[in-house]
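This report describes how a two-chain model is put together. The sequence and coordinates are shown first.

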Amino acid sequence: MTEDTKSSGSDDAKLVRRALRGDRGAFETIVRKYQQSMLNYVSRMVREREMALDVSQEVFLRAYAALPSYRPEYKFSTWLFRIASNYLIDYWRKKKIVVVSLDQPVDENDDGCTLQVADEAASVIRDYERMELRAKLDAAMDRLPVHLRELFVWRHVNGMSYEEMAEIKKLPVGTVKNRVFQAKEMMRVLIEESS
Amino acid sequence: MSCLTAGRLYDYLDGALSAPDREDVERHLADCEACRRALDVRQKIAGAAADLPDFEIPGDFTARIMAQVSERPAYAPKKAVRIFAWATAAAATIGSAFGVYAFWTGQGALALLQKWGGAFGTYLQNAAGVAIKGLKLFILSGKIIADVSGQVLATLQSVAAMMGPEARVIVAGMALIVLFSGGMFLRRRTAVSEKIDEEE
């Protein structure tokens with residue numbers, strides 16, 4: 001853990017303590033600090049702008065209601081994103097979207113290599129401008145199963161470490177790494193297929 | 001060296017390889033066009049994902065959340081903070097009342113303070129006399145309690161001397177149970193009052 005992370009963690013713990021003493025301004029500081037990363041994540045998961053705003057708002061309200069259960073020995077961001085992740089699982093269940101549990105055993109043949117396609121497509125990708133690649137990336141993300149999309153977004157959009165993701169999902173780091181690998185390879189295949 | 005696996009390429013991009021492994025990968029990449037292309041594709045996708053624009057947050061997003069938060073009951077400040085807040089409010093009220101009184105009667109604040117201070121001194125003297133009497137009473141009642149409990153203990157000792165060892169164990173066990181139940185009852189009462197305090 002870096003010094004910055006440590007100080008940010010203790011700042012968060014102080015803000016939570018103040019919010020629990022009735023200082024709503026402290027909670028507002030928390031919202032301002034995490035709203036961008038939360039919306040970057042949620043918007044890539046639900047795709048509709050208004051829905052992303054509603055979901056994020058509900059996540060922060062749930063976090064406020066659950067503040068007494070937050071334990072300062074854990075990172076606040078991890079705790080907050082766990083609330084968001086659980087909320088989204090409920091959301092997808094209501095929308096009847098199949099959610100695959102991340103801790104279910106991995107198919108032995110499913111090591112990601114089966115997802116590989118010929119690398120000649122690489123030359124095609126090289127020709128795309130950044131914006132075109134972004135559009136393809138967005139489209140590919142839509143097609144990624146939600147349980148893999150979540151990890152891909154956390155890793156590449158939110159810049160989380162494998163350890164942070166493992167803590168949020170309460171899974172071994174190895175399992176998370178394996179799933180992130182699957183997500184990345186599936187994204188690559190989907191992008192190359194669309195080229 | 002055979003071509004690099006996808007896993008190896010990602011580890012290389014993540015900076016998760018040891019220095020010797022990293023050098024091995026770099027040596028292979030220098031000689032292998034296919035692996036360089038495979039790395040390039042993955043690097044571009046990861047780069048594009050990291051470069052995705054931030055979600056544009058509406059200006060009133062935080063305010064909307066805080067409006068909903070303010071509709072919910074605020075978490076209560078801790079008891080010490082509440083007492084401090086009440087004490088400050090009381091001091092401010094008394095101070096203001098004093099100021100208004102001084103203004104209304106046209107008396108100087110210092111003269112008023114001296115006048116009230118003299119009266120207060122007399123009250124203080126009387127109060128101290130009462131407090132000393134109370135203290136004496138308290139010490140006396142302490143002596144009485146000590147005498148009574150000494151006699152009760154002596155009676156218990158003589159009763160215990162008449163009992164056999166098994167009876168003593170049974171009586172001691174029952175006494176412990178009564179004490180423990182009493183303690184648990186008090187603890188529950190305290191917990192309930194704390195909870196009510198928190199809810200308030």
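## Basis of the description

The model is predicted: local features need pLDDT of at least 70, side-chain atom pairs count only at pLDDT 80 or more, and totals for chains, interfaces and linings use all residues. Residues are numbered from 1 along each chain as its sequence is written, with chains lettered from A and ligands numbered from 1 in the order in which they are written.

## Chain A

Chain A contains nine helices and zero strands, where helices (H or I, at least four residues) and strands (E, at least two) are DSSP runs numbered from the N terminus. Along the sequence the pattern reads α-α-α-α-α-α-α-α-α.

Of the 195 residues in chain A, 34% are buried (20 or more other C-beta atoms within 10 Å of the residue's own, these atoms being placed from the backbone). Among contacts in chain A with a separation of 6 or more, 69% join residues 24 or more positions apart; a contact requires C-beta atoms, placed from the backbone, within 7 Å.

## The interface between the chains

Chain A contributes 39 residues to the contact and chain B contributes 33. On the side of chain B that touches chain A, the elements giving two or more residues are α1 (6-14), α3 (33-50) and α4 (61-71) of chain B. The most comes from α3(B), with 12 residues.

By class, this side of chain B has 22 nonpolar, four polar and seven charged residues (Ala, Val, Leu, Ile, Met, Phe, Trp, Tyr, Cys and Pro count as nonpolar, Asp, Glu, Lys and Arg as charged, and the others, Gly among them, as polar).

## Packing across the interface

Helix α2 (residues 24-46) of chain A packs against α4(B) at about 145°, with the axes 10 Å apart; axes are lines fitted to C-alpha atoms over the stretch in contact, and angles run from 0 to 180 degrees between N-to-C directions. The α2(A) residues in this contact are A:Arg24, A:Phe27, A:Glu28, A:Val31, A:Arg32 and A:Gln35, and they meet B:Phe61, B:Thr62, B:Ile65, B:Met66, B:Val69 and B:Ser70 of α4(B). By class, the contact has six nonpolar, three polar and three charged residues.

## Packing within chain B

The axes of α1(B) and α3(B) come within 10 Å and cross at roughly 50°. The two helices are therefore oblique to each other, a term for angles that are not under 35 degrees (roughly parallel), over 145 (roughly antiparallel) or 65 to 115 (roughly perpendicular).

Key. A residue is buried if 20 or more other C-beta atoms lie within 10 Å of its own, exposed if 12 or fewer, and partly exposed in between; C-beta atoms are placed from the backbone. Two residues are in contact if their C-beta atoms, placed from the backbone, lie within 7 Å.
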